[in-house]
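Hi,

Here is the structure I promised to pass on. Have a look at it first, and my notes follow below.

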Amino acid sequence: MTPEAPVALITGATRGLGAAIAKELSSTHRIIVGGRSADSVMPALQAFPNALPLIADLADEKALATAFDRAMEVAGRLDVLVNNAGIGKKATIDETDRVQWRSVLETNLVAVADLTRIALPFLRESVGTIVMTNSGAGVRIYPSDAAYCVSKWALKAFTECLREQERGRVRVVSLHPGRIDTDMQVEMQAQAGRPYRPEEHMRPEDVARTVRLALDLPSSMNIDEIHLRTTEKK
C-alpha cells in the first residue's frame with residue numbers, strides 16, 4: 001500500500017460490522033482503526049497493512065480531537081469516514097433515565113456530529129465520502145428500544161442535513177441495516193429474553209460489501225440511502 005493510497009477512518013472497527021468494513025476496504029485503502037482502548041485497537045492493527053490507530057472514547061471531546069489530529073499528522077489525508085461506532089440497550093421510555101438518554105445520544109449522535117465536523121476539511125479536499133451506519137431503528141419505531149431508536153432517527157436527520165450541505169463536495173451515504181450477527185445483537189436479544197439464532201441475522205461481511213458498492217461508484221453519483229433487511233418470513 002503506497003502513501004498515496006486513499007485513507008478510510010472507521011470508528012468501532014475492532015469488532016462486528018466495523019471490523020468487517022475495515023477488512024473489506026483494506027485491499028484498496030489505508031485503514032485508520034477507531035476504538036475505545038489500546039487493548040482493543042492494537043490487535044486489529046495487525047490485520048491490515050499500514051493501518052493507523054485512533055484510540056479515544058468518542059464521547060470525550062478532547063480525547064477524540066487529539067486522537068484525530070495525531071492520525072491525520074501521519075496519514076496526511078482522509079478520503080472515507082465511516083461513522084460506525086454506536087451503543088444500544090433494550091429499554092422502554094419508563095426504563096430509561098437521564099443518564100441513559102445522555103449516554104446513548106452522546107455516542108450515537110453528538111460524537112458522530114463532532115467527528116464529522118473536524119473531518120470535513122480533509123474530506124472536502126479529497127472529495128471524499130461519509131458513510132453513516134444507522135439502523136432499521138432509524139426508519140421504523142421500536143418502543144422497546146426507546147433511546148436507541150430516538151438516537152438513530154436523530155442521526156438520520158443529521159445525515160440528511162449534512163448531505164444537502166455538502167452535495168457536490170462530499171458524498172454522504174446513510175446505511176440502514178437490519179439485524180446483523182454481531183456481539184451487540186446477541187446482547188440485545190438476551191435483554192429481550194429471546195433465544196439468539198445467528199441464521200436469522202445478516203452476516204457483517206455481506207453488509208460491508210454494500211459500503212464497498214457505495215464507494216466504488218463514480219464521484220458524480222451517490223447512493224443517498226441503503227436499506228438492508230433479512231428475508232425470513234414474519
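**What turned up**

Searching the whole structure gives 1 aromatic pair (rings of Phe, Tyr and Trp, the last by its six-membered ring, pair if their centres lie within 6.5 Å; planes under 30 degrees apart are stacked, over 60 edge-to-face, the rest tilted). The ring centres of Phe 68 and Phe 122 are 5.6 Å apart with planes at 75°, so this pair is edge-to-face. Phe 68 sits in helix α3 (residues 61-75) and Phe 122 in helix α4 (residues 98-126), so to speak distant parts of the chain, 54 residues apart.

Bear in mind that this is a predicted model: local features need pLDDT of at least 70 and side-chain atom pairs 80 or more, while totals for chains, interfaces and linings use all residues. Residues are numbered from 1 along each chain as its sequence is written, and side-chain values use heavy atoms, leaving out hydrogens and water.

Phe 68 is buried at 1% relative accessibility, whereas Phe 122 is partly exposed at 27% (buried is under 20% relative accessible area, exposed over 50%, partly exposed in between; 1.4 Å probe, protein chains only).

Then there's strand β2 (residues 30-35): 6 of its 6 residues are buried, so the rest of the structure largely encloses it. Strand β1 (residues 7-10) runs parallel to β2, joined by 4 bridges, with Leu 9 partnering Ile 32. Ile 32 also stands opposite Leu 52 in β3.

Cheers

Conventions:
Helices (H or I, at least four residues) and strands (E, at least two) are DSSP runs, numbered from the N terminus. Two strands pair if DSSP finds at least two bridges between them.
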